[in-house]
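Have the structure open while you read.

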Amino acid sequence: MGASDFSKLPHIGEELRRKEDYRFLTGAGQYTDDVNLANQAHAVFVRSPHAHAKINSVDTSAAMKMPGVVGIVTGKDIEGKMGGLPCGWLINNPDGTPMKEPPHTILAIKKVRYVGDHVAMVVAETAEQARDAAEAVVVDYDVLPAVVSVSDAANKQSGVTLHDEAPDNQCYKWTLGDKAAVDAAIAKAAHVTKLDLVNNRLVPNPIEPRVAIGGYNRATEEYVLYVANQNPHVERLLMTAFVLGLPEHKVRVIAPDVGGGFGSKIYLYAEDVCLTWAAKHFNRNIKWTADRAECFLSDAHGRDHVTHAELALDKDGKFLALKVHTDANLGAYLSTFATAVPTILYATLLAGQYTTPQIYVEVDSWFTNTAPVDAYRGAGRPEATYLLERIVTRAAWELGLGQDEIRKRNFITQFPYQTPVALQYDTGDFRACMDKSMKLAEVDGFAARKAATEAKGKLRGIGYSSYIEACGIAPSNIAGALGARAGLFECGEIRVHPTGSVTVFTGSHSHGQGHETTFAQVVAARLGIPVENIDVVHGDTGRVPFGMGTYGSRSISVGGAAIMKALDKIEAKAKKIAAHLMEASDADIEFANGEFTIKGTDKKIPFGQVALTAYVPHNYPLDKLEPGLNETAFYDPTNFTFPGGTYICEVEVDKQTGEVKIDRFTAVDDFGTIINPMIVAGQVHGGLVQGIGQALMENCVYDKQSGQLLTGSFMDYAMPRAEDFPMFKLDTVCTPCTHNSLGTKGCGEAGAIGSPPAVINAVLDALRPLGVKDFDMPATPHRVWEAMRSSQKSA
Amino acid sequence: MQVQFTVNGKAKNLDLPPNTLLVHALRELMQLTGTHVGCDTAQCGACTVLVNGRAVKSCNTLAVQQQGAEITTIEGIAAPDGTMHPMQAAFKECHGLQCGFCTPGMVMSAIDLCTQHPNASEAQVREQLDGNFCRCTGYQNIVKAVMLGGKNMSAAPAKATATA
C-alpha cells in the first residue's frame, strides 16, 4: 500500500486518546525500579571523586566485613574477563587512519578519567548496606591535572594526556566538502558573515533515573537484564558480542516501561554489564538504581561544541559558501554513538533549507576529563541548526534584510535536492512552512507589540529559525560504508490470533512516544478491526524477534514501515484464504474496512472469519498454503526522512534584570503524514521546551581546573518548569515522505532542533538597539544583563 | 519504630527503621510503586502524595513522622470500579502525560492545587506546579489537564474526595 492510499484510511489523523494512559495514571505502570526479582541483592558503585587520577590501590577488606555485603567487584577482578564498552561508529581521519579508540574498561583499573568514573561495584543485601560498604572501600589515588573544557583540549597547552593511545587527546579530525572551492568563494564574496559560538553542554535528565537488574538462571544458564533502555536488542548485541562474549540466545534484555530517554538511555553503560556479569558470579539477582546525583555524573551528556563559521553571500543576500570549524567534546571515553554525533549527524545538516552551493566542515574531536558526551534529543542536528540559523540571521542584520527575507531568497524549492554535504532531500515545502508560521505568529502585529513593550520600559525581539533534520538513519549499507557498526533497519511482527485480535511486536521502543496507540492505529486502519483488539509489545528481546530501538525520530518511519510490510504479507495471505472460502480466484479478492469481497459482487466475509479459518483449517487450501496468520518483516529504508519547519519566537527582555520572557512561540512543522496529531503535538511541545531550556537556562558546568561537576543536582542545573512558558502555537504542513509506505517523517526531535536559534535570535533582536551583537546560550538574566552592561560601557 | 497511619483508606500499623522515608515505605513495604523517585533533593515532585489532603513530597519526609495521618497515593484516587478520578481523566483527555514517570506526582499535586484554588487561572496553575518536573510534555498539556481536571472536580465534588 502506498502513502497516499494509507493517509486516507480510517484512524489515520485521528486524535485517539492513548491506550497506555490508564496504567500510568493509576500507578500501574511497571518501570524497572518497580520490578523485584527473587533472591535480589542491591548494588552501589564506588565512583571517582577526582577528574583525573592514578589508582594506586583499591582496598575492599574493610568493606567486605560490613553487614550484609555479598561481594565487591573491582577493575582488577574483571580484568581480562571481559572486553570494554564498544563505540558503534568508526570515524576516519582525512588521511584514512582510524580514530583513536582507547579502551573503555567496565571498571577503572589504572586510572580514573572523570568525576563519577566507575571504580568498584559493591553488592549487599540491601541498598543501604551496599551504600555503607561502598563508603568503606578505600581507594588510594594520585591526583593528576585535568583537561576539562573542549577549548583547553583543543589548544593542546594543558600538558594532560587522558589516554596513552591519544597523546594530544584528539580522537579524530574529520572533514566534509571542498575546502578549496569554499575558500575561493569566500575570497571573492561581496559579503562574509563570521560567527563564533558555543553550543552549551546539557544533561538529558529523564525523570526516571537509570536503573537495571541483572539476573542469572543456573538451570537454563540464561541471563536476564531488566534495564531502563531505548533499544534492548542493541543493548544485548553490544553486551554479548563485544563485552561479555556470551551467546545472544542466552541473554534476555527487558526494557519495560521507561520513564523518558532523550538519547541518554540508548547506550550500553558499565553498570549494565557489571550487573549482568555479577548475577552469575554471585548467583544473585542484583538491582541498581541510580540516584539523581549519579545521573548527573554518569549519564552521557549532550552538545558541548565550540564553533567558528563563515558564510559568504553575494550582494543580494544569496548564500555562496559556508565554512565551519568545530571542536567537539567527547568526554573521557567514547560512548556508544559519540563519534557519529559531531560528524555524520552534524555536518551533513549544514545545508539546512538553503541552496548554499559550497560547504566545507572541519571537526576536531577531543577527549576531556568529563563524563562521556553522546546523542541527546536531536544529536548533532541541533548543533548544526543553531549554527546555521544564528549565522543566517546575523547575515540578514548585517545586510539590512529581514530574517524572513534572507531565508526566502535562499530556500530550496526543487526536490529531490542533492546538498553539497551528502544528503539528498526527497521532499519539502519550506516556503509554505515559513508563510504559515508568519501568519500564525501574527508577524504583522510585531511592530505594534514592540512599541507597547517599549512603552513599559522593556525590550522586545523576534527570532526566526528554519530548520531541517534527518531522521531514521539509513540505509544500512551506506551507513556501514560511513562507519556504522550496526544495521539501521527495523523489525515488526503481526500475530493475528484465531479470534481476530492482533498482537504487534515491534523493535521500536516507546518511552513516552505513545507507540502502543499510534502503531495500533496503523494496524486498525489496515485491518479494519477495533483499536481495542490490538496490543503492541515492545522492549523485550524474549518476545520481539529483533529491533534497533528508538532514537533519531525513527520509530514511525522505520518501525512503522516494518509493521506495514508485515501487514502487506498478512493481507496477501488472508486474501488467499478468503478466495478459497468464497471459491473465487485470488486476484478477484479486494480487502477494505475489515472485509474481503469478490470484485464486482456483494459476496463478502469478515477479517475475523479468515483469521479463525487460518487456525482451524478444515476448509482450507492446505496443499498450497500453510495454516496460521503470523508474519514478520524487516524494513531497511532507502533514505533518511527530512522533517523541516519554521519557528518564530518573540521575547520580552527586562532591561533592569536581564530576565527573558518567552512571550509567544510559533512552530510550523512538516512531518509528512501524521497518524495521531495529538501525540505529534505532544512531541513538539516536549522538544520545544528542551530546546528553549537550552537557550534560556540549562547549562552543564564543570570547574575548569578541578573537573568537579558544579551543576550536579536539580538545585544547580536549571530545569524548565511550567511557569517558564506560554502556550505555544503549532501547525503543520504536509509533504509526505516519498520513500516509505506511510509518508511519515518523524517528529520526536524537531522541537529541540529548531527552537534554540529562534530564541537566541529573538533575544539578540531585542538587544540590538543597545549594541549587543552576540552572546552564548543560555540567555540567563545574568548573561543578558552583563551583555547589556558591557555594550553600554563600550558605547 | 512503630507508626500507624492510613494509606488509601486502609489502616497500616508498621514497625520500621526510623530512617525509612515515606516513599520507601510506600514502594517497598506496601508495593505501592505508582509513587516514584526522580531525584534526591526534593525538586522533581515525582514522589508527591497527599498527606491529610495536602501534596507532600514523600521522599522528603520520614514514614514515622506520619503518625495518625491519612495518606493517599495515585493508586487510591480512582473509584472502586476503576473509574478514574476527574484529574486522572483530564490528564488522559488532554494528553497530559507521555512517559508517565512524573505523572502520579503531577496528578497528586494537581488535585491539591485545584482543591486549594478551585478556579485557578493558567498563570496560577503554572506557578503552583513549580514543584513538579516533567521532561516530556513541555507542560503544555499538563496545564490544560489541570484546568480541565479542576473544573470537573468542582462539578463532581463527591468524586474528587480522595479514597473511600
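This is a predicted model: local features need pLDDT of at least 70, side-chain atom pairs count only at pLDDT 80 or more; totals for chains, interfaces and linings use all residues.

## Helices and domains in contact

Start in chain B, where helix H2 (residues 86-93) and helix H3 (residues 103-116) have axes that come within 10 Å and cross at roughly 125 degrees.

Which hand does the crossing of H2(B) and H3(B) have? It's right-handed. On the H2(B) side, the contact is made by B:Met87, B:Gln88 and B:Phe91, and H3(B) answers with B:Thr103, B:Val107, B:Ala110 and B:Ile111. Sort the residues of this contact by class and you get 5 nonpolar, 2 polar and no charged ones.

Now stay with H3(B) and look for another partner, helix H5 (residues 140-155) of chain B. Here the two helices pack at an angle of about 50 degrees, with their axes 10 Å apart. That angle makes H3(B) and H5(B) oblique to each other, too. H3(B) passes H5(B) in a right-handed crossing.

Who does the touching? From H3(B) come B:Met106, B:Ala110, B:Leu113 and B:Cys114, while H5(B) brings B:Ile142, B:Val146, B:Gly149, B:Gly150 and B:Met153. By class, the contact of H3(B) with H5(B) has 7 nonpolar, 2 polar and no charged residues.

| Helix pair | Angle | Axes | Crossing |
|---|---|---|---|
| H2(B) and H3(B) | roughly 125 degrees | within 10 Å | right-handed |
| H3(B) and H5(B) | about 50 degrees | 10 Å apart | right-handed |

Next, hop over to chain A and zoom out to domains. The domain assignment gives domain 1 (3-28 + 489-635) and domain 2 (305-474 + 639-794) of chain A. Taken over C-alpha atoms, their centres are separated by 38 Å. The contact takes 24 residues from domain 1 of chain A and 26 residues from domain 2 of chain A.

Which elements give two or more residues to the side of domain 1 of chain A that touches domain 2 of chain A? They are helix H1 (3-7), helix H16 (515-527) and helix H17 (555-581) of chain A. H17(A) gives the most to that side, with 6 residues. By class, this side of domain 1 of chain A has 10 nonpolar, 11 polar and 3 charged residues.

Terms used:
Residues are numbered from 1 along each chain as its sequence is written. Chains are lettered from A and ligands numbered from 1 in the order in which they are written. Axes are lines fitted to C-alpha atoms, for helices over the stretch in contact, and angles run from 0 to 180 degrees between N-to-C directions. Helices (H or I, at least four residues) and strands (E, at least two) are DSSP runs, numbered from the N terminus. A crossing is left-handed if the near helix is turned anticlockwise from the far one by less than a right angle, and right-handed if clockwise. Two residues are in contact if their C-beta atoms, placed from the backbone, lie within 7 Å. Ala, Val, Leu, Ile, Met, Phe, Trp, Tyr, Cys and Pro count as nonpolar, Asp, Glu, Lys and Arg as charged, and the others, Gly among them, as polar. Domain bounds come from an automatic or database domain assignment. Angles under 35 degrees count as roughly parallel, over 145 as roughly antiparallel, 65 to 115 as roughly perpendicular and the rest as oblique.
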